[in-house]
Amino acid sequence: MDDRFHDLKTRLAQVSDLGRTLRLLGWDQETMMPRGGAQARAEQLSTIARIAHERFTEDGIGGLLEQIGPYEDSLDPESDEASLIRVTRRDFAKAVRVPTDLEAEMTRAASMGQSAWFEARAESDFSKFLPFLERNVELKHRYIECFDPADEPYDILLDDYEPGMTTAEVRAIFDRVKERLVPLISAAREHANEVDDACVYGDFAVERQKEFVLTVIERFGFDPGSWRIDLAPHPFATNFSVNDVRITTRYSPHHLTGLFAAMHECGHGLYEHGASPLLERTPLAGGVSLGLHESQSRLWENLIGRSRPFWRHFYPSLREAFPEALGVVDEDAFYRAVNVVKPSLIRVEADEATYNLHVILRFELEQEILAGTVELRDLPEAWNARMKEYLGVDVPDDAQGVLQDIHWSGGTIGYFPTYALGNVMSVQIWEAARSAIGDLDAQVEAAEFGELREWLRENLHRHGRKFTPNETLARVVGGPIDPEPYLRYLETKVGSIYGLV
């Protein structure tokens with residue numbers, strides 16, 4: 001191995017260790033840390049972010065990237081080594097533009113904002129969160145100023161989560177999705193009497209839910225020897241190595257949303273768990289974009305977890321676990337209930353069709369926040385008005401409205417579009433998997449997920465960040481992102497359930 005490349009890998013491994021430490025402290029803050037630790041934790045995170053940024057942007061790594069060209073030219077462009085150099089060069093070019101003080105302060109403000117969000121959401125009081133949101137937005141404007149002007153300022157933030165994609169490209173996809181989904185949702189609402197979802201509301205003892213959830217996700221690939229599942233106010237997944245995966249969910253004793261949240265986060269975990277161990281402690285480890293990451297969580301949650309084959313296998317045991325709530329509900333009625341199209345308040349609990357309108361609403365508001373066309377103090381009113389316009393629902397309080405998502409508390413503006421992009425890509429990937437695995441429906445019905453999991457690992461997960469998001473998707477599905485398969489899937493599924501076809 002070239003000495004300069006070995007030196008580069010050693011330095012990058014230390015940066016990776018610091019990044020994983022940041023994740024670990026963040027996971028603890030959201031799951032275990034007493035709220036009184038907020039101020040100290042913010043300082044701890046800020047200190048480690050400062051060290052990590054300094055270590056990555058130091059002259060040593062920059063100098064090695066300048067000197068390593070001849071060795072890079074000798075490599076197979078698709079090799080781990082060439083990919084590591086290529087991805088590091090891109091990451092370095094972005095990171096070196098951001099002052100270390102700004103990086104540290106953004107991390108500190110994100111931690112303080114998250115702690116404030118926990119309290120504000122619990123009390124449904126936006127005013128308690130507003131100063132922290134104002135600080136995060138101010139810092140995002142300073143971050144944007146670090147880069148050359150883009151066609152739209154939002155492009156710079158979007159690139160952090162979906163590298164290479166522009167706001168205009170996202171808008172075109174969303175316009176197409178909205179064009180087709182609005183009439184589909186309207187038609188389903190006109191035939192609302194076709195589906196009764198009352199059976200998913202009732203008494204569902206949390207301990208029995210936990211047992212059932214563990215049964216399902218262990219079949220998906222959750223391994224107690226290298227995974228954890230915990231509770232969090234807002235479900236999320238993270239990892240500190242391919243063999244240290246942490247997922248979270250939340251439970252209601254009156255609904256089964258915790259099951260679907262757990263399946264969703266397990267999909268994220270499988271992506272990280274499936275990355276090649278050879279990429280550990282390098283910038284190549286982990287998912288290549290949040291859109292592709294979301295494609296995996298939505299695939300396991302919806303394309304599997306809301307499918308007929310899945311419930312043919314698992315519904316008898318679910319009904320046995322909750323005989324009072326489900327004893328007289330047959331499998332078909334339950335399947336239709338968990339696929340109801342019903343505009344609702346909470347994004348993470350929304351049905352497959354209306355979910356995207358929740359995302360589009362946030363995408364539009366984020367651009368208005370950056371442009372200053374909506375005052376932050378007026379955000380609850382703007383949110384509520386758009387919820388009424390897009391989904392026809394009245395927002396009763398801030399907790400179920402503008403405070404329901406954790407993202408803005410951590411300054412992650414530009415993240416939300418990846419949720420709907422993930423929906424789109426999930427069906428493209430699912431169709432490719434079905435083509436490759438001829439009896440996939442039968443395997444799902446038998447709760448045998450090993451072949452699918454291995455196919456996803458081989459074609460997507462193991463590559464980590466070796467290729468760009470566009471290149472990665474093309475390797476899996478043979479082409480670029482395309483909303484048509486997703487729209488056909490939803491129109492067929494919803495049309496069948498509601499008698500529209």
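Is Ser124 buried, partly exposed or exposed? In this predicted model, Ser124 counts as partly exposed, because its relative accessibility is 25%. The sections below begin with this residue and then turn to other parts of the chain.

## Two residues with positive phi

Ser124 is located in the loop that joins helix H6 (100-123) to helix H7 (126-144). Although Ser124 is not a glycine, its phi is positive, at about 50 degrees.

Arg281 is likewise a residue other than glycine with a positive phi, in this case near 60 degrees. Its place is in the loop between helix H11 (257-273) and helix H12 (290-304). Arg281 has a relative accessibility of 41% and therefore counts as partly exposed.

## The packing of helices H3 and H5

Two packed helices are described by the angle between their axes and by the distance between those axes. Helix H3 (residues 59-67) and helix H5 (residues 80-95) pack at an angle of about 130 degrees, and their axes are 11 Å apart. This angle makes H3 oblique to H5. The crossing in which H3 passes H5 is left-handed.

Which residues of H3 and H5 make the contact? On the side of H3 they are Ile61, Gly62 and Leu65, while H5 contributes Ile85, Thr88, Arg89 and Phe92. By type, the residues of this contact comprise four nonpolar, two polar and one charged.

## The nonpolar cores

In soluble globular proteins, nonpolar side chains tend to be buried together. The largest nonpolar core of this model has 133 residues. Within this core, the residues that touch the most other members are Phe220, Ile304, Phe310, Trp311, Phe334 and Leu452.

Leaving aside residues up to four places away in sequence, Phe310 touches Val216, Phe220, Met263, Ile304, Gly305, Val444 and Phe449.

Is Ser409 buried or exposed? Ser409 is buried, because its relative accessible area is 1%, and a residue counts as buried under 20%. Ser409 lies in the loop between helix H17 (379-391) and helix H18 (417-436). When residues up to four places away in sequence are not counted, Ser409 touches Ala109, Ala110, Gly113, Gln114, Trp117, Phe129 and Asn136. Ser409 and Glu134 are 275 residues apart along the chain, and their C-alpha atoms are separated by 9.9 Å.

His461 is found in the loop between helix H20 (450-459) and helix H21 (469-477). With 2% relative accessibility, His461 counts as buried. Its contacts, again without residues up to four places away in sequence, are Leu270, Tyr271, Gly274, Ala275, Gln296 and Leu456.

## Arg457 in helix H20

Arg457 belongs to helix H20. Its relative accessibility is 28%, so Arg457 counts as partly exposed.

How many residues apart along the chain are Arg457 and His273? They are 184 residues apart, and their C-alpha atoms are separated by 8.9 Å. Arg457 touches Gly274 and Arg462, not counting residues up to four places away in sequence. Gly274 is also among the residues touched by His461.

## Two exposed glutamates

Glu145 is situated in the loop between H7 and helix H8 (153-161). Glu145 is exposed, because its relative accessible area is 64% and the exposed class covers values over 50%. Between the C-alpha atoms of Glu145 and Arg97 the separation is 9.6 Å, and the two residues are 48 residues apart along the chain.

Glu389 lies in helix H17. At 59% relative accessibility, Glu389 counts as exposed. In sequence, Glu389 and Leu361 are 28 residues apart; in space, they are 9.9 Å apart from C-alpha to C-alpha.

Definitions and conventions. Residues are numbered from 1 along each chain as its sequence is written. This is a predicted model: local features need pLDDT of at least 70, side-chain atom pairs count only at pLDDT 80 or more; totals for chains, interfaces and linings use all residues. Side-chain values use heavy atoms; hydrogens and water are left out. Axes are lines fitted to C-alpha atoms, for helices over the stretch in contact, and angles run from 0 to 180 degrees between N-to-C directions. Helices (H or I, at least four residues) and strands (E, at least two) are DSSP runs, numbered from the N terminus. Angles under 35 degrees count as roughly parallel, over 145 as roughly antiparallel, 65 to 115 as roughly perpendicular and the rest as oblique. A crossing is left-handed if the near helix is turned anticlockwise from the far one by less than a right angle, and right-handed if clockwise. Contact means heavy atoms within 4.5 Å. Ala, Val, Leu, Ile, Met, Phe, Trp, Tyr, Cys and Pro count as nonpolar, Asp, Glu, Lys and Arg as charged, and the others, Gly among them, as polar. Buried means under 20% relative accessible area, exposed over 50%, partly exposed in between (1.4 Å probe, protein chains only). A nonpolar core is a set of buried Ala, Val, Leu, Ile, Met, Phe, Trp, Tyr and Cys residues joined through side-chain atoms within 4.5 Å.
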